[in-house]
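Dear colleague,

I am handing over the structure we spoke about, and you will find it just below. After it I have set out what was found, chain by chain, for someone who is opening it for the first time.

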Amino acid sequence: MTYALGRVASAAGVLLAAFTVAFLLLQALPGDAVMIRFENPELGLSAEQIASVRESYGADVGLLAQYWHSLSGFLGGDLGFSVASGAPVRTLLGSAIPSTLLLAGLGFVVAALLAAALAFGAILSPSGWLANVLRSLPSLFVSVPVFWLGIVLIQIFSFRLGLISVIRPGPLEALILPVLTLAVPISAPMAQVLVRAIDDVQAQPFITVVRSKGAGEAWILLRNVLRNAALPALTIAGVLLGELIGGAVVTETVFARFGVGRLTADALDAQDIPVLQGIVVLAALAFVVVNLLVDLVAPLIDPRLKRRVHA
Amino acid sequence: MSRTPSGRRLAGLTAVVSATALLAACGSGGDAGGSGTSDGSASGTEAAAGEPIEGGELLYLEYQPYTTLYPPQSGFYPNGALIANITDRLVYQDPETLEFSPWIATDWTVNADATEYTFNLRDGVTFSDGSPLDAEVVAKNFDAYGLGDAEAGFPVSEQINNYVSSEVVDADTVTFRFSAPSPGFLQATSANGAGLLSSDTLDGDLDAYAPGNGTGVVGSGPFVIAEETVGTEILLEARDDYDWAPAESEHQGRAYLDGVRFSVTPEDSVRIGALTSGQTDVIRYVQAYDEAQVEQAGLQLFAPQTQGVNNSLSLRFTNGILADIDVRKAIVAGVNAQEVVDTVFTPNYPVATGILSHTALGYVDHEAELAYDPDEANRLLDEAGWTLGSDGIREKDGQKLTLVASEAKPQPLSRDTLTLVAQQLKAIGVDLQILAADSGTYAEAIKDPDQVQLYHSMVGRTDLDVIKSQYASTNRDANLSDDAELDRLLGLVASTADPAARLQASADAQQYLVDQAYVIPLFEEPQVYGAQDYVQGFGWDTVARPVFYNTWLAQ
Amino acid sequence: MTLELQRTALLPADGAAPQAPAPRRRRRRGPRVTVLLAVAVLVLVVAWAVLPQLFTSHDPLAGVPADALQGPSAAHWFGTDPTGRDLFSRVVHGARYSLTGGVVAVAVGLVAGTAIGVIAGSIGTIVDEILMRVVDVLLSIPGLLLSLSVIILLGFGTTNAAIAVGVTSVAAFARLSRSEVVRVRRSDYVEAAFGSGGRWGSVLLRHVLPNSLTPVLALAALQFGTAILAISTLGFLGYGAPPPTPEWGLLISEGRSHLATSWWLTTLPGVVVVLVVLSANRLSGAISQARTARS
């Protein structure tokens, strides 16, 4: 119990630190949002006009005052307003999160399925060369730039074969290619974890015993591997969370989807600090919560860890 | 008081140009005096395609999301494309003839020195929120655009010069007064920059026009913003009770389409692929290298011209290196615009022959003075004391002849263009670097002549004032100018009441820009659209923003 | 803290399994060939980076405009780009930028991360706790946001992009090296070294560091490939090297719009990047394999 409380306290500390670091980092960026918003020469504004617009937004508050204002706002659940559009940050995040969550969630599930198919395929494959191919696919998967993969998939499946529409597709159709694009690179580390777990299990003496009792190979593998792979898979989920958000930026840009990734890239381009601050807190919160869960759940799955954790 | 260059053929409100006809036409255009127009066999395939069919939703893929719906800032294409379809203007300007005709104003009078304009308004026009479009609200619109409002964040419109006040004479008559002649005002009332908005909309501050608030921006146009997903999609719905199209338009009443869906698709390959694979109806910003694909697929390609200041590089002469007129002249002579067009672009992008596009009002041919002449460039630089270093770059007093150009995201293929220009300048010993930076750094760099010396931009407006918009130090100030003579010449363009004298003022300003070697004109910039063959009546305004009022789907 | 398992889990485990060589014996030959191939690819691109003029006579920056957008041919192996530059020459010359980028990114992560990890792992207690929370903070800020902000702060350019990418890998190196240090420190022979009166610093240098190095090197090789990809993604998002730098990521990202009409522009540099990253990953796998074989 003390352990759990300690973990929660340290998670809160991490969250506050992430907020502070992000605040300082974003304040240090050159230029300002008002200037960027009105810089576009096609808006037909002169330098003086931009300066006066800037004044009307009334910037120039002390750094510390801004920090307190922003922090107290966040603690009270007020995320502020976007400088680029004036929209409440809460609304922007609210409309971006579900789409990204769906994309990332499905991406994760498909990646897990893909990884399992590769790993079990490699182990159970009757021919050596097929096993080799399946084992080396994950390495190939992480070697392809995601944006390039997305564009190639669109070219082939949508424009050449005409199988999937990328413009105003149906709700399910809209997800196929983006999910695949996101899942491919993420499946690679998962497949590698699985392959390693399978090899571990196969090397253990008890497998020979179980096998001699006449159990089917596949059944043995499935039961024991899943038990053995559960922990590494769980821990890897924490790290992949971050990669999913990074991957979502690219996927959402290529497939013209609105979501947290695209919001991040656009907000950064516009130096829309309130929005970025909101995204950082959101991502840090997700990171902290997932890892907290992993840390609290892991000892339950594998009692050996209890000792290590407390050591 | 409608000024129009003679000899333009009336091409109808909706010129539907087939790809081949357009290519042929562009090859033959180009005579001086603004009388040449790329008409060829253009215009009017409507008859062949049969009677317009009402209904259907058109899908339009846009390259970038809009940034504001405040009309004076409609120069940015995505903004203008929406404002053009949701608002009406007092006066209509024909995109082909550039002649003015009644729209919301039934008629107008201008005093002799162009300091007082009076408009009579059409009856029965309403905004989509039901409020009447009367003299009072028109006055309120122009007070906002002409005077600005610091508190609300409204800057003064770059298109409205010398504005002082409005007067509501009666319910359907309004008078505007100016402190000095404002001969460009009539055209300004026809441009997207003076799109008429409802009184409630004008009560909002600048943020009320920002993305996310689209449905709250209320005009009287044929379409209304019905739905918006920030950053990705906007749905325009036709107004059933719309009944005040420009008088010149054959088509009256509501728009043929039920709706137009603007979908932001930034990836070039996705837009073009979606078009050629039949997933969308119309796309904007067909890149030059993709035009052949559109033609091969048998689809329609439209390349209306923006008819203003050409796509050019402005030389920032307040920079130490470029302060020397001989260096500027050398750089102008060292750039081969023809090669840029031949390599990177297509015949839809005619090589610039002057400061203004040859279809722009007041165009003067300066082809000879702008000619590519590397020998002359080398001679000038030698004379100016810039000697070739061992690395092939010239230097003087230990300083390298290194200049920086800004890559302009809104300009077509800016990076490829600058890459080629850099290669050309390298041949005369000038090192041209291309600025790559984030938006914040970029925004500051382009305002500093010591960070960016060659500024890539253009501006479209079918009025003589356009040259002032681009070069005056109080407007876009492409050169970051401190040249009082230039400002004086540009000021004359915007405030000379006599039409002939004003044309001369524009010619003087163009001559001055060329003589001072302030500008490297590259090409006349079109907006290139691709459309399915069943899309009929696709039109555009004077500066090539899409107009969907006459568009229908022959399916 | 269990999360330290994560990055080790990400290391390639293809080839022979750590503790199970027996049932996989027939596969032994295959991996060796691929390791050789991987080394050959890496040697070739390093040669490109060092002496590009040996491999191509075309100028990577100046093209012949009249030859723009030509497909691959005997004269232009990888075809030409929209301004008539030889693409193969750009790829060869680009090796210098991209490899430097990968190396700088890894160096930043390796040096900073390993320093944090080794200090945390060897001192332990409250220092360990604090440093690991710092690492958590680094991990909790989305990596892309972090690296884009770093680029905005430092300015555009290959080296700065590499530093930005490197910063995001500090956490992974810190966690891995810490766990390795902790593992080695607990092992019998190190305990013995301490027991026999060895000084803390010398034990660390002579026993702990060398023994924890292999997995860190494996991670470094893996990160090298990841960094090249990450830098190319930055190019795609508009934060790449300034033109006309022939950096690989920039080539892939600039050529992508031509995919339907001039496929070679993005595909051929893409294939080169895939081969290099694949080779780096294979090498990383071979390093961890060698380690398990030894133990």
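**Chain A**

For chain A, the unreviewed UniProt entry lists residues 101–124, 136–159, 229–255 and 275–298 under "transmembrane region". Please keep in mind while reading that the model is a predicted one.

Two of these listed spans can be compared with the model itself. Residues 101–124 of chain A are 100% helix and 0% strand, with 34 Å between the end C-alpha atoms. For residues 275–298 of chain A the make-up is likewise 100% helix and 0% strand, and the end C-alpha atoms lie 34 Å apart.

As to the chain as a whole, chain A has 13 helices and 0 strands, and from the N terminus on its elements run α-α-α-α-α-α-α-α-α-α-α-α-α. Of the 311 residues in chain A, 49% are buried. Where contacts in chain A have a separation of 6 or more, 72% of them are between residues 24 or more positions apart.

Is Ala12(A) buried or exposed? It counts as exposed, because it has 12 C-beta neighbours inside 10 Å, and a residue is taken as exposed if that number is 12 or fewer. Between Ala12(A) and Trp148(A) there are 136 residues in sequence and, from C-alpha to C-alpha, 38 Å in space.

**Chain C**

Residues 216–241 of chain C are 81% helix and 0% strand in the model, and their end C-alpha atoms are 29 Å apart. For residues 261–281 of chain C the figures are 86% helix and 0% strand, with the end C-alpha atoms 32 Å apart.

Chain C comes to 10 helices and 0 strands, which, read along the sequence, follow the pattern α-α-α-α-α-α-α-α-α-α. It has 295 residues, of which 60% count as buried, and among its contacts between residues at least 6 apart in sequence, 69% join residues at least 24 apart.

Helix α4 (residues 125–140) of chain C is worth a look on its own. Its 16 residues reach 23 Å from the first C-alpha to the last, which is close to the 22 Å expected at 1.5 Å a residue. The buried residues of α4(C) are Met132(C), Val135(C), Asp136(C), Val137(C), Leu138(C), Leu139(C) and Ser140(C).

The domain assignment divides chain B into domain 1 (6–13 + 32–63 + 222–304 + 527–553), domain 2 (91–199) and domain 3 (309–523). Between the C-alpha centres of domain 2 and domain 3 of chain B the distance is 34 Å, and 16 residues of domain 2 are in contact with 13 residues of domain 3. On the domain 2 side of this contact, the residues divide into 7 nonpolar, 7 polar and 2 charged.

Two strand pairings in chain B can be described in some detail. Strand β8 (residues 223–229) and strand β9 (residues 233–238) of chain B run antiparallel and are joined by 6 bridges, and the bridge partner of Thr229(B) is Glu233(B) in β9(B). The hairpin of these two strands has 3 residues between them, and in it Gly231(B) takes a positive phi near 80°.

In the other pairing, strand β17 (residues 402–406) of chain B is largely enclosed by the rest of the structure, because 4 of its 5 residues are buried. β17(B) pairs with strand β18 (residues 431–435) of chain B in the parallel sense over 5 bridges, and Leu403(B) stands opposite Leu432(B) in β18(B).

Finally, which chain B elements give two or more residues to the side that touches chain C? In this contact, 22 residues of chain B meet 19 residues of chain C, and the elements concerned are α7 (268–276), α10 (337–344) and α12 (414–426) of chain B. Of these, α12(B) gives the most, with 6 residues, while the residues of the chain B side divide into 7 nonpolar, 8 polar and 7 charged.

With kind regards

Notes: Residues numbered from 1 in each chain as written. Chains lettered and ligands numbered in written order. Predicted model: local features only at pLDDT ≥ 70, side-chain atom pairs only at ≥ 80, totals over all residues. Expected span 1.5 Å × (residues − 1). Buried ≥ 20, exposed ≤ 12 C-beta atoms within 10 Å, placed from the backbone. Contact = placed C-beta atoms within 7 Å. Nonpolar A, V, L, I, M, F, W, Y, C, P; charged D, E, K, R; others polar. Domains from an automatic or database assignment. Pairing = 2+ DSSP bridges. UniProt positions renumbered as here; feature names shortened; annotations may be inferred.
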